[in-house]
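Biologist: I have not seen this structure before, so please show me the sequence and the model, and then let us go through them step by step.

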Amino acid sequence: MSALGKILGGTIGFAFGGPIGALFGVVAGHFVEKSMLGGAGTVRKRDLRDTRGRKDSPEELQWAFIFSLVTLAAKLSKVDGKVTRDEVETLKAVFPIPEDAYSNVHLIFNAAKSDSLGFEPYARQIRVIFSENRNVLESFLAGLLQIAVADGVYHPSERRFLASVARIFGFSDGDWSRIEGTYISSTRDDTVDPYEVLGLSPDASDSEVRAAYLKIVRNYHPDRLEAQGVPVEFRKLGETKTAEANDAYDRIKKMRELTN
C-alpha cells in the first residue's frame, strides 16, 4: 500500500482538535474502520492548544497535511463559481491518489465543501501545526496552486483565496509573489532577483550565498519534507523549489564569476 493509501485508506488516523478535528468528526464514521480502532491504527484526540512544545510523528504530520490539503482544495473549488462533474478528479490530475484511498478523499472533500465554516480557521490551524516548518507551509501553498490551475484556468478569485491563505501562513506579499511565480509559470517574473530567491541581500558574502543555497536544497530534500509532514507522493513540490534555487545560485555565480 502506498503512503497515501496507508494514511487515507483506513489504517492510520489522528483526530486533531480545532476545526480540523471537528471536520474529522463529520467523516469519522466512514473514514475510520472498526479494526483500526481496535489497534490496527491509532486515533488520538489532541487539542490545538497542545500543538506547541510537543513533537508529532511523521505519520501524524502527513495525515494532517493531506487531510488539510483536501479540505482547503474543497474550499478553493467553490470560489470560482464553477461546478464540475467530479472535482476530486482535479486532485487526481495533480497528485497520485491511489484507489485504496480514493473513497476517503471523496468523503473529506465533500464534507469540507458542504461545511459552512470558511477557509480561514483551517488555514490558521495548519499554520500552528506546521509553525516550525516554513518549507512545509510553502509546499502546502504549492499544492493548492497546482490544484487551482489543473483545469487550465487560474481564476482571479482563486488567486485572491490563495493570497489570503499565504498571509494567514505568515508569508509577506513579496514572499507570496515569489512562491506564486515559482509554481505558476504564467505569473513568473523572469527578472526576479536571484538574491531574493535565496532570501539574501546583494551584499551577502560568497559564503553566505552558498550557505543559503545549500539550506534550501537541504530543507526541500524529499526525505526531509516527508519527515516534516509532506508525503513522498508530493516530492515534485520540493523538486520545483530546488530547481528555482539552483537557477538563482547559478545566476549569482555567473555574476560573481564563482567556480563553485
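**Loops, helices and the interior**

Biologist: Where is the place of Asn133 in the chain?

Modeller: This is a predicted model, in which local features need pLDDT of at least 70 and side-chain atom pairs count only at pLDDT 80 or more, while totals for chains, interfaces and linings use all residues. Residues are numbered from 1 along each chain as its sequence is written, and side-chain values use heavy atoms, with hydrogens and water left out. Helices (H or I, at least four residues) and strands (E, at least two) are DSSP runs numbered from the N terminus. On that basis, Asn133 sits in the loop between α7 and α8.

Biologist: Is Asn133 buried or exposed?

Modeller: A residue is buried under 20% relative accessible area, exposed over 50% and partly exposed in between, using a 1.4 Å probe and protein chains only. Asn133 has a relative accessible area of 16%, so this residue counts as buried.

Biologist: How far apart in space are Asn133 and Gly229?

Modeller: Along the sequence, Asn133 and Gly229 are separated by 96 residues. From C-alpha to C-alpha, the distance between Asn133 and Gly229 is 9.2 Å.

Biologist: How many helices and strands are in the protein chain?

Modeller: From the N terminus on, the elements of the protein chain run α-α-α-α-α-α-α-α-α-α-α-α-α-α. The count for the protein chain is therefore 14 helices and 0 strands.

Biologist: Which residues of α7 are buried?

Modeller: Helix α7 is mostly covered, with 7 of its 10 residues buried, whereas of the 260 residues of the protein chain, 50% count as buried. The buried residues of α7 are Pro121, Tyr122, Ala123, Gln125, Ile126, Val128 and Ile129.

Biologist: Which residues does Ser68 touch, not counting residues up to four places away in sequence?

Modeller: Ser68 lies in helix α4, and at 2% relative accessibility this residue counts as buried. Contact means heavy atoms within 4.5 Å. Not counting residues up to four places away in sequence, Ser68 touches Ile20, Ile126 and Phe140.

**Aromatic pairs and the core**

Biologist: What is the arrangement of the rings of Phe65 and Phe140?

Modeller: Rings of Phe, Tyr and Trp (its six-membered ring) pair if their centres lie within 6.5 Å, and planes under 30 degrees apart count as stacked, over 60 as edge-to-face and the rest as tilted. A search of the whole structure finds 6 aromatic pairs. In the pair of Phe65 and Phe140, the centres are 5.3 Å apart and the planes stand at 75 degrees, so the arrangement is edge-to-face.

Biologist: How many residues apart are Phe65 and Phe140?

Modeller: Both Phe65 and Phe140 are buried. The pair links distant parts of the chain, with Phe65 in helix α4 (residues 58–77) and Phe140 in helix α8 (residues 134–148), and their separation is 75 residues.

Biologist: How far apart in sequence are the parts that Phe119 and Phe161 tie together?

Modeller: Phe119 and Phe161 form a tilted aromatic pair, 4.4 Å centre to centre with 45 degrees between the planes. Phe119 lies in the loop between α6 (99–114) and α7 (120–129) and Phe161 in helix α9 (residues 156–168), so the parts tied together have a sequence separation of 42 residues.

Biologist: Which residues of the largest nonpolar core touch the most other members?

Modeller: A nonpolar core is a set of buried Ala, Val, Leu, Ile, Met, Phe, Trp, Tyr and Cys residues joined through side-chain atoms within 4.5 Å. Of the 72 residues in the largest such core, those that touch the most other members are Phe65, Leu91, Phe130, Leu162, Phe169 and Leu198.

Biologist: Which residues form one aromatic cluster?

Modeller: Phe130 touches, among others, Leu61, Ala64 and Phe65, not counting residues up to four places away in sequence. The members of the one aromatic cluster are Phe65, Phe130, Phe140 and Phe169.

Biologist: Which residues does Asn260 touch, not counting residues up to four places away in sequence?

Modeller: Asn260 is found in the segment after α14 (235–256), and with a relative accessible area of 54% this residue is exposed. Not counting residues up to four places away in sequence, Asn260 touches Arg210, Tyr249 and Lys253.
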